[in-house]
Amino acid sequence: MPFAEQTHVMKFSVTEQNIKGFLYALKGMGINSYVFERESGLTLPFLQKTVKGCRKCPLAETRNNVVFGEGNNNAKLMFIGEAPGEEEDVQGRPFVGKAGKLLDQLIERIGLRRENVYICNVLKCRPPNNRDPEEKEIASCKDYLLSQLELIKPKIICTLGRHAYNTLFDVNERITKVRGSLKDYKGTMLLPTYHPSFLLRNQDKIKEAWEDMERLKQLLKG
Ligand code: URA
C-alpha cells in the first residue's frame, strides 16, 4: 500500500525539537512529505479567549466589550439573539438590558433560570447605535456561533428574532412567518420565537411568546 494511503495516528507535543526530529527521521526513511492533522480539542474557554481578541470586522474598533455568551455550558436549551446592545456592550454580558429582563421572564415561564440555559448572540460585538447586523459582520462572526453550538450541543435551540434564524438557516424569512414552527437544525430541534425587544414594542404578541415557552417546556421534558 502506498504510504500516502496509510493512516498513521501519532501524538506528540508540538515543540520545534520534536517536529525537527520527526521530520529528520522521516527523511531517513525516504519519506519526503507528511500530512499533520491538528486534534480538534477546542474548548469553550479557549473559544471565548479567541473571540475576545477578535478583530475580524470593524465592530472591534467601536466595541467596549466582546459579548461572548454565558450560562450553563452543558445547557439543554440555548437562546440565540441578534447582537449586544448598549448595556451588554458595557457589561460584556448578553441580554442584561430591558430586553434581557423580559427574556429572564420568558425563561421563568419554562420553569428555568437564566443560569440553567445558555444565552448568546449572532454577533459578539455591538453594532453602533444598535443598527441591524451587516452581512459581512455576520459572515465574520458565524463560525463562533457554530462552534458554540457544537461545544454546548443543546437539545433545543431557541432563536430570538429573524437574524438568528436567518443566520443559521442561511435564508431571509420574516419572523412572523416562521415563529412557533418547530424546525430541525442539523439534527437539533429549533424553535424560532420573537425577539424580546420586538415584544417590548408589540405587547399584543407576548401571548404567542408564552406559548412558545410552554412548547419549549414540553419539548425539554420529552
Ligand atoms: N438584543 C440582543 O439581540 N442581544 C442582546 O444581548 C441584547 C439585546
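Begin by selecting the six strands, which form an open sheet of mixed pairing in the order β1-β3-β2-β4-β6-β5; strands here are DSSP runs of E with at least two residues, helices are runs of H or I with at least four, both numbered from the N terminus, and two strands pair if DSSP finds at least two bridges between them. At the edges lie β1 (70–71) and β5 (183–185), each of which pairs on one side only. This is a predicted model, in which local features need pLDDT of at least 70 and side-chain atom pairs count only at pLDDT 80 or more, while totals for chains, interfaces and linings use all residues. Residues are numbered from 1 along each chain as its sequence is written.

Next, select β4 (residues 156–160), which runs parallel to β2 (residues 77–81) and is joined to that strand by four bridges. Met78 stands opposite Ile157 in β4, and Ile80 has Thr159 as its bridge partner. On its other pairing, β4 meets β6 in the parallel sense over five bridges, with Leu160 partnered by Thr193 in β6. Five of the five residues of β4 are buried, a residue being buried if 20 or more other C-beta atoms, placed from the backbone, lie within 10 Å of its own. Ile156, Cys158 and Leu160 point one way from the strand, whereas Ile157 and Thr159 point the other way.

Move on to helix α7 (residues 162–169), where six of the eight residues are buried, namely Arg162, His163, Ala164, Tyr165, Thr167 and Leu168. These buried residues pack against β2, α6 (135–152), β4, α8 (175–178), β5 and β6, contact meaning that C-beta atoms placed from the backbone lie within 7 Å. Asp170 follows α7 and has a positive phi, near 55°.

Now show α2 (residues 44–52) together with α6: their axes come within 10 Å and cross at roughly 170°, the axes being lines fitted to C-alpha atoms over the stretch in contact, with angles from 0 to 180 degrees between N-to-C directions. This makes α2 roughly antiparallel to α6, a term for angles over 145 degrees. Leu44, Leu47 and Val51 in α2 meet Tyr144, Ser147, Gln148 and Leu151 in α6.

Finally, select the ligand and its surroundings, which include Gly81, Glu82, Glu88, Phe95, Asn121 and Ser197; a residue is near the ligand if its C-beta atom, placed from the backbone, lies within 6 Å of it.

Conventions: A residue is buried if 20 or more other C-beta atoms lie within 10 Å of its own, exposed if 12 or fewer, and partly exposed in between; C-beta atoms are placed from the backbone. Two residues are in contact if their C-beta atoms, placed from the backbone, lie within 7 Å. Angles under 35 degrees count as roughly parallel, over 145 as roughly antiparallel, 65 to 115 as roughly perpendicular and the rest as oblique.
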